[in-house]
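Welcome! Have a look at the sequence and the structure below, and then we will walk through a few places in it together.

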Amino acid sequence: MKKNEVWFKKSSLLNPLIAFYFFIAFIEFIAEYNNDQFYISLTKPVLIPILIGIYLVSSKIRNLYYIAALFLVWIANLYLISNEISCIVMGTVFFLFYRIIILYLIMNKIKFPGALPMFLCSLPFAILFIIETIFIFNELGYNFYLFLIQGVFMVFFGGLCLANHFAKYNKSSAFLLTSTVLITFSQLLFVINVFYVNYKILQPITMVLFLIGQYYLYLSILLDESKQKRYKIIN
């Protein structure tokens, strides 16, 4: 079978997989809202594997670092099914490793914008982090240092993506910035929900923001890969 025929057959799976991803995300939203642990345990573990499948079907390059990052965030989600503090801490650690790999990928594909643009673009994320810290500082206890490390990465990564978007506006940078904003807000809401107030709607909103953010990150990665492939063909 020719490569083009194989690719056509694989690509025909893409739209059904994407539809399945958002269908399961919708079920997850309902389950989180109703605090239905049975359906949460069924839906939450399969969402990231579905996204990995979407990436494998649609990508011709298949970046192993990105796949590894998704694997780490999948493990983080498994831990975060439980509301136990020890599981939340472990999930946060795996999410931190995920963030490090994604930061490495982004740093390799964009230029550092410079100290001043980076500082200015980091301010909105820093303000959000400081406001959140004021509200939950007394509740964090020994988890404060892990929270602080996550916050530093969040502010740096957010500033980098925003500065990159202003410096070089395109679809990829827009998708990356959208992903960063959504995942950042999902992190903030998650911490507020765990350590400050426990509103019924916060957890499902957190999950939806996170899943949509992951999808936009996938779109950004895919667009960059297609540009990279075209560049290699031209040269």
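## Reading burial

A residue counts as buried when its relative accessible area is under 20%, and as exposed when that value is over 50%, with partly exposed in between. Please keep in mind that this is a predicted model.

## The loop between α3 and α4

Is S59 buried or exposed? S59 sits in the loop that runs between α3 (37-58) and α4 (64-79). Its relative accessible area is 1%, so S59 is buried, because buried means under 20%. A polar atom of the S59 side chain lies 3.2 Å from the backbone nitrogen of I61.

R62 belongs to the loop between α3 and α4 as well. With a relative accessibility of 33%, R62 counts as partly exposed.

Most residues other than glycine have a negative phi. R62 is not a glycine, yet its phi is positive, at about 60°. N35 is another residue to look up: its phi is near 55°, a positive value in a residue other than glycine.

Where is N35? You will find it in the loop between α2 and α3. Its relative accessibility is 51%, so N35 counts as exposed, because exposed means over 50%.

Apart from its neighbours within four places in sequence, Y98 is in contact with A69, L72, V73, I183, Q214 and L217.

## K109 in helix α5

K109 is placed in helix α5, which covers residues 85-109. It is partly exposed, with a relative accessible area of 32%. Which residues does K109 contact, leaving aside neighbours within four places in sequence? They are S172, L176, S220 and D224. With S220 there is also a polar contact of 3.1 Å between the two side chains.

For a sense of distance, take A25: it is 84 residues from K109 along the chain, and the C-alpha atoms of the two are separated by 30 Å.

## A nonpolar patch on the surface

Finally, turn to the surface. L116, F119, L120, L123, I127, I131, F135 and Y196 form a nonpolar patch there, and together they have about 810 Å² of accessible area. One of these residues, F119, is in helix α6, residues 115-140.

Key:
Residues numbered from 1 in each chain as written. Predicted model: local features only at pLDDT ≥ 70, side-chain atom pairs only at ≥ 80, totals over all residues. Heavy atoms only, no water. Helix = DSSP H or I, 4+ residues; strand = E, 2+ residues; numbered from the N terminus. Buried < 20%, exposed > 50% of the residue type's maximum accessible area, 1.4 Å probe, protein only. Contact = heavy atoms within 4.5 Å. Polar contact = N/O pair within 3.5 Å; in protein donor to acceptor, adjacent residues only side chain to side chain. Patch = residues over 30% accessible without salt bridge, like charges linked within 9 Å, V, L, I, M, F, W, Y side chains within 5 Å. Areas by Shrake-Rupley, 256 points an atom, 1.4 Å probe, with all protein chains shown as cover. Salt bridge = Lys/Arg side-chain N within 4 Å of Asp/Glu carboxyl O.
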